[in-house]
Amino acid sequence: MRSSIAFAALSMLLLSGCGGGAGEQQPFEDQQSKIARLRGLADARCMCLMNDDTDERCNFAYDDERKGLKATPMPPMDFAITAGGSCFATLDGQCVTEGYHLKGGGPADNVCSQDDAIALNDLHEKVTTQSGKAAADAAAKERIREIRVAWRAR
């Protein structure tokens, strides 16, 4: 019994080391550096969009890095301010957040910082409780505008 367990463990190690069952996966280090590079480029793209609401000059490096990767949209979250991004099957399904946006808002209703998104969700929840969703959306949009103006002033 003990030798069959050891044999099974050894077989699994050999298969994983030789690519058995791994298919087209990249080595772990390459995947981690690729996802780190994608996250950095997504952050840079988001920050670019904070200064310029058009996608034309902000996408290129991020788009180039994504070429050849199978991407699907991040699953939706049930928050007023939600993360948007992509998950990459070729990188073990890891996701890259491309920004945070107000559900139902326009292209200028986004921020880049997770801390800002959390604070905006808290604001939205508080105002919703006090005055309703329409007032909460308006308060969140105003706060997003303030965040973007402060960002541009840097």
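Reader: Which residue does the disulfide join to Cys-87, and how far is it from S to S?

Author: A disulfide is read from the distance between two cysteine sulfur atoms, with 2.5 Å as the cut-off. In this predicted model, Cys-87 is joined to Cys-95, with 1.9 Å from S to S.

Reader: Is the link of Cys-87 and Cys-95 left-handed or right-handed?

Author: Look at the angle about the S-S bond. Here the angle is 95 degrees, and the link of Cys-87 and Cys-95 is right-handed.

Reader: How many disulfides does the structure hold?

Author: There are two disulfides. Besides the link of Cys-87 and Cys-95, Cys-46 forms a disulfide with Cys-112, and their sulfur atoms lie 2.1 Å apart. The link of Cys-46 and Cys-112 is left-handed, with -100 degrees about the S-S bond.

Reader: Where in the chain do Cys-46 and Cys-112 lie?

Author: To place a link, find the element that holds each partner. Cys-46 is in helix H2, residues 28-51, and Cys-112 is in the loop between strand E4 (110-111) and H4. The two are 66 residues apart, and the pair links distant parts of the chain. Cys-46 is buried because its relative accessible area is 2%. Cys-112, at 21%, is partly exposed.

Reader: What does the secondary structure of the protein chain come to, and in what pattern?

Author: Count the elements, then read them in order. The protein chain has five helices and four strands. Along the sequence the pattern is α-α-α-β-β-β-β-α-α.

Reader: Which residues have the most contacts inside the largest nonpolar core?

Author: A nonpolar core is read as a group of buried nonpolar residues whose side chains are joined by contacts. The largest one here has 14 residues, and those with the most contacts inside this core are Ile-81, Tyr-100, Leu-102, Val-111, Leu-120, Ile-144 and Ile-147. At least two residues of this core come from each of strand E2 (81-88), strand E3 (94-102), helix H4 (114-131) and helix H5 (133-152). H5 gives the largest share, four residues.

Reader: What does Ile-81 touch?

Author: Leave out residues up to four places away in sequence, and Ile-81 touches Tyr-100, His-101, Leu-102, Ala-117, Leu-120, Asn-121, Ala-140 and Ile-144. A second, separate core has eight residues, including Ile-35, Leu-38, Tyr-62 and Leu-69.

Reader: How many salt bridges does a search of the whole structure find?

Author: The search finds eight. For each pair, read the distance from N to O first, then the places of the partners. Asp-78 is exposed at 72% relative accessibility, and Lys-103 is partly exposed at 37%.

Reader: Where do Arg-143 and Glu-146 lie?

Author: Both are in helix H5, three residues apart, about one turn of the helix. Arg-143 and Glu-146 form a salt bridge, with their closest N and O atoms 3.2 Å apart. Arg-143, at 37% relative accessibility, is partly exposed, and so is Glu-146, at 34%.

Reader: Are Asp-64 and Lys-67 exposed or partly exposed?

Author: Asp-64 is partly exposed, with a relative accessible area of 46%. Lys-67 counts as exposed because its relative accessibility is 60%, and over 50% is the cut-off. Their side chains meet in a salt bridge of 3.3 Å, N to O.

Reader: What share of the residues in the protein chain is buried?

Author: Of the 154 residues, 31% are buried. The accessible surface of the protein chain is about 9700 Å², and carbon and sulfur atoms account for 58% of that surface.

How values were computed:
Residues are numbered from 1 along each chain as its sequence is written. This is a predicted model: local features need pLDDT of at least 70, side-chain atom pairs count only at pLDDT 80 or more; totals for chains, interfaces and linings use all residues. Side-chain values use heavy atoms; hydrogens and water are left out. A nonpolar core is a set of buried Ala, Val, Leu, Ile, Met, Phe, Trp, Tyr and Cys residues joined through side-chain atoms within 4.5 Å. Buried means under 20% relative accessible area, exposed over 50%, partly exposed in between (1.4 Å probe, protein chains only). Contact means heavy atoms within 4.5 Å. A salt bridge is a side-chain nitrogen of Lys or Arg within 4 Å of a carboxyl oxygen of Asp or Glu. Accessible areas come from the Shrake-Rupley method with a 1.4 Å probe; for residues, only the protein chains shown count as cover.
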